[in-house]
Amino acid sequence: MTTRLQPDAAPASLPAPGRDPEVILDVRDLRTYFHVMDGTVRAVDGVDFRIKRGGRLALVGESGCGKSVTALSIMRLIDQPPGEIASGEIWFDGRDLLSLSESEMRQVRGGEIAMIFQEPMTSLNPVLSVGDQIMEAVKLHQEVSAKEARDIATQALRDVGVPAPERRITQYPHELSGGMRQRVMIAMALSCRPKLLIADEPTTALDVTIQRQILELIKVIQERTGTALLLITHDLGVVAETVDEVVVMYAGKIMETGTVDQVLLEPRHPYSRGLLQSIPSRGRRGQPLHVIKGVVPNPFRMPAGCKFEPRCPYRWDQCKAEEPRLYDTGGGRSSRCWLYDPRFRDRMRRYELEGKDYVPPAAATELTA
Ligand SMILES: Nc1ncnc2c1ncn2[C@@H]1O[C@H](COP(=O)(O)OP(=O)(O)O)[C@@H](O)[C@H]1O
Ligand SMILES: [Mg+2]
């Protein structure tokens, strides 16, 4: 048997990219590789997703699965070399970003698409006051006077709940707490009224209470301004109240897509189930957390079949032999798992009858015997 090399066929109902005015971002078959000494890392390997204008989508998966590389590819911030956007299209507001010149792209970055990162300290300039930094960002994309830029910056800080913004504007990043710095980053990102906000692990460095506040803030502002949101996180626990749609990634590929309710309440892919079981929940308080056994595969020694197979409690020989495509599993959702192939319906039924919500690896081997 051979490994599939062709991209997944797009569903027939999908309009040509860039033609649907309702869609702000349309990523098609994106492949971003890094050519390093030991070989090629297929960091993003055929990723497709769409975000509607004003829509909210989360890209979820363990560390190293290609989430940040997807975001940096959209922003065209991949260093080439060693990186290479080997194929794909990234349609944003009717244009393919991959066909823009670097100067056109500079207008998109920070203007039409804004991005906030995990650790605001590394993206804020330590020698400029936060006010100067927001004003600089504003002046880069809008024709305004110094006075107007200052007013916009003050208002932006007020909008993100920074107290006494007239005073804060003169402070330097090190004078602010982590939560306040992240608020400044959000203010800066939103001061140019972007059509899309990419937030890459925006709350990972913060404590749980501040995390909640920042996510709530992102959501409130997103709803008020109508900016679309691409939220990137390794924590499925934070997506429920923040987004409408979820894309689960593993080893550079999409494993499952669906609405937030579909994926959180009724995950289809064994990987999504594993991710969900590793979230602390009220109902399971006091019980040990289930963590997905094993580690993400070495990029130079990827499994030939399903990339999740070595860790999958449901695996059987088919999974080792061949990589599954992304199956349409109904209700607008999809799952990259052989269990959804009509040929393996019997196995699926057997798992269901046995009420196997989670089959431990040993049992999975038994089932295949
Ligand atoms: N500049 C680079 N050079 C080589 N490999 C890279 C580079 N940037 C990212 N990668 C690799 O790409 C993969 C995906 O990384 P990343 O998108 O950062 O993961 P995450 O999902 O945690 O954001 C990882 O295997 C990472 O090591
Ligand atoms: Mg990342």
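By class, how many nonpolar, polar and charged residues does the shell around ligand 1 have? The views below start with that one. This is a predicted model, in which local features need pLDDT of at least 70 and side-chain atom pairs count only at pLDDT 80 or more, while totals for chains, interfaces and linings use all residues. Residues are numbered from 1 along each chain as its sequence is written, and chains are lettered from A and ligands numbered from 1 in the order in which they are written.

**View 1. The shell around ligand 1.** Eight nonpolar, six polar and one charged residues make up this shell. (Ala, Val, Leu, Ile, Met, Phe, Trp, Tyr, Cys and Pro count as nonpolar, Asp, Glu, Lys and Arg as charged, and the others, Gly among them, as polar.) Of the 15 residues that surround the ligand, the closest are F34, A43, K67, S68 and V69. A residue is taken as near the ligand if its C-beta atom, placed from the backbone, lies within 6 Å of it. At least two shell residues come from each of β1 (23-36), β2 (39-52) and α1 (67-74), and α1 gives the most, with three. Those labels follow DSSP runs, numbered from the N terminus: helices are H or I runs of at least four residues, and strands are E runs of at least two.

**View 2. An open sheet of four strands.** Follow the order β2-β1-β4-β5, with antiparallel pairing. β2 and β5 (95-96) stand at the edges with a single partner strand each, so one side of each is left without a neighbour in the sheet. Two strands pair here if DSSP finds at least two bridges between them. Strands of a sheet pair through backbone hydrogen bonds, either parallel or antiparallel.

**View 3. β1 and its two partners.** On one side, 11 bridges join β1 to β2, and D26 has R50 as its bridge partner in β2. These two strands form a hairpin with two residues between them. Look for L25 opposite F92 and V27 opposite I90. Helix α1 lies across β1, β2 and β4, running at about 70° to β2.

**View 4. Helices α4 and α5 crossing.** Helix α4 (residues 130-141) packs against helix α5 (residues 146-159) at about 115°, with axes 9 Å apart. (Axes are lines fitted to C-alpha atoms, for helices over the stretch in contact, and angles run from 0 to 180 degrees between N-to-C directions.) From α4 come G131, I134, M135, V138 and K139, and they meet A149, R150, I152, A153 and A156 of α5. Contact here puts the C-beta atoms of two residues, placed from the backbone, within 7 Å. By class, that makes seven nonpolar, one polar and two charged residues.

**View 5. β9, a strand tucked inside.** Six of the six residues of β9 (residues 245-250) are buried, so this strand is largely enclosed by the rest of the structure. (Buried means that 20 or more other C-beta atoms lie within 10 Å of a residue's own, with C-beta atoms placed from the backbone.) E245, V247 and M249 point one way, while V246, V248 and Y250 point the other.

**View 6. The neighbours of β9.** Strand β3 (residues 56-60) pairs with β9 in the parallel sense over four bridges, and L59 has V247 as its bridge partner. β9 and β10 form a hairpin with two residues between them, and A251 in the turn has a positive phi of about 50°.

How values were computed. Buried ≥ 20, exposed ≤ 12 C-beta atoms within 10 Å, placed from the backbone.
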